[in-house]
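Visitor: I have a fold to go through with you. Can we take it piece by piece?

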Amino acid sequence: MKLPVLYVVIPCYNEEQVLPVTSGLFFEKIHALVKAEKISPESRVLFVNDGSKDETWPIIRKLSEENECCEGICLSRNRGHQNALLAGLMTARCYADVTISIDCDGQDDINAMDEMIDHYHKGMDVVYGVRSKRDTDTWFKRTTAESFYKLMNALGAQTVYNHADYRLMSRRALDGLAQFKEVNLFLRGLVPLVGYPSSIVTYERAERMAGESHYPLKKMLSFAFDGITSLSVKPIRLITALGFFISFVSILAILWVLGTKLFGQTVSGWSSMVSAIFFMGGVQLLCLGVIGEYIGKIYNETKARPRFLISESTLPQRRQDNE
């Protein structure tokens, strides 16, 4: 049986503190999987430099010179985690039979890769790494994260509960993902749309080994909102339903006003009027904001700008799809 070539794809942004710590762990895992005859000796770790402002790319180049199982690509500028991850996946599919994407902070359990590869050998095209528990998170982060997954599914976006971007994808699944041309990327929702046989591997997440998280609350909320508006039109439908509801209530209010007028029971006052104006104004601005978000995404999609550009690479020359 021919052993599959595995590429472990790792997006990096300002990771000069953590890369020297975690890179060795990824190399050791590749060697262990090769020794166990689960993957081909041609397997590699592919670091993707997402326009870092520190020494991340020089470190990646040095690692690639010192380790034959290490490769790297450098994006022309910072494009965000999702675009950097896509760049790595689309590059790796030209070289590998299967990929595993993982963050470089060392929080995801790399030993789960063994089970992922086992699932791949059993015929799975996609294997999702799912957190078994969130004990390492604060109460606030745990609550908001779990609420996010529930909200996403409630709004019609197909996501895997407690799954981030730690996943295995076969070349067939990557070829399917390449046909999705969205500029507004949310891979956690796009990958399930690819279909093909999939399974789940559970693991426990550890603390970050070094450096600081690049996902503060503001960025997490923005990421969540982008995911919802990129994958579902349900917010627009909720606005329509809200419009019908407010219209119905307004009709009842008009009938009540007319009734009090006819019976001479009207009382002059500004509180109710001001309250109604503020309420309707707030609802209208909220609705316009949500609709504007969708229009903005349509605007970006119609431009069809490239989602990433690779400025440097340590990989041997071969066809690379910068889609």
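Visitor: In E6, what is the bridge partner of Val-127?
Guide: Leu-168 is the bridge partner of Val-127. Before going on, a note on the source: this is a predicted model, where local features need pLDDT of at least 70, side-chain atom pairs count only at pLDDT 80 or more, and totals for chains, interfaces and linings use all residues. Residues are numbered from 1 along each chain as its sequence is written, and side-chain values use heavy atoms, with hydrogens and water left out.

Visitor: Which way do E5 and E6 run, and how many bridges join them?
Guide: Strand E5 (residues 126-131) and E6 run antiparallel, with four bridges between them. Two strands pair if DSSP finds at least two bridges between them.

Visitor: And E4 with E6, in what sense do they pair?
Guide: E4 and E6 pair in the antiparallel sense, over four bridges. Val-98 stands opposite Ser-170 in E6.

Visitor: Is E6 enclosed or open?
Guide: Strand E6 (residues 163-170) is largely enclosed by the rest of the structure, because seven of its eight residues are buried. Buried means under 20% relative accessible area, exposed means over 50%, and partly exposed is in between (1.4 Å probe, protein chains only).

Visitor: Step back a bit. How many helices and strands does the protein have?
Guide: Ten helices and eight strands. Helices (H or I, at least four residues) and strands (E, at least two) are DSSP runs, numbered from the N terminus.

Visitor: How much of the protein is buried?
Guide: 44% of the 323 residues count as buried. The accessible surface comes to about 17100 Å², and carbon and sulfur atoms hold 59% of that. Those areas come from the Shrake-Rupley method with a 1.4 Å probe; for residues, only the protein chains shown count as cover.

Visitor: What about contacts between residues at least 6 apart in sequence: what share join residues at least 24 apart?
Guide: 82% of them. Contact means heavy atoms within 4.5 Å.

Visitor: Now H4. Which residues are buried there?
Guide: In helix H4 (residues 112-121), Ala-112, Met-113, Met-116, Ile-117 and His-119 are buried. Seen down the axis of H4, these buried residues fall within an arc of 155°, so they line one face of the helix. The arc is that of the directions from the helix axis to the C-beta atoms.

Visitor: Why would residues three or four places apart point the same way?
Guide: An α-helix has 3.6 residues a turn, so residues at that spacing point the same way.

Visitor: What do the buried residues of H4 pack against?
Guide: They pack against E1, H1, E4, E5, E6 and E7. After H4 comes Gly-123, with a positive phi near 110°.

Visitor: Which residues other than glycine have positive phi?
Guide: Asn-14 is one of them, with phi near 50°. Asn-14 sits in the loop between E1 and H1, and is partly exposed at 23% relative accessibility. Tyr-196 also has a positive phi, about 70°. Tyr-196 lies in the loop between H7 and strand E7 (198-203), and is partly exposed at 37%.

Visitor: Aromatics next. How many aromatic pairs are there?
Guide: Three aromatic pairs. One of them, Tyr-7 with Tyr-95, is stacked: 6.0 Å centre to centre, 20° between the planes. Tyr-7 is in strand E1 (residues 6-12) and Tyr-95 in the loop between helix H3 (81-92) and strand E4 (98-101), so the pair ties together parts 88 residues apart in sequence. Both Tyr-7 and Tyr-95 are buried.

Visitor: And Phe-27 with Phe-47, what sort of pair is that?
Guide: Edge-to-face, with 6.3 Å centre to centre and 85° between the planes. Phe-27 in helix H1 (residues 19-35) and Phe-47 in strand E2 (residues 44-49) are 20 residues apart. Phe-27 is buried at 6%, and Phe-47 is buried at 0%. The rule covers rings of Phe, Tyr and Trp (its six-membered ring): they pair if their centres lie within 6.5 Å, with planes under 30 degrees apart stacked, over 60 edge-to-face and the rest tilted.

Visitor: Last one, Cys-287. Where is it?
Guide: Cys-287 is in helix H10 (residues 271-303), buried at 12% relative accessibility. Leaving out residues up to four places away in sequence, Cys-287 touches Ile-239 and Leu-242.
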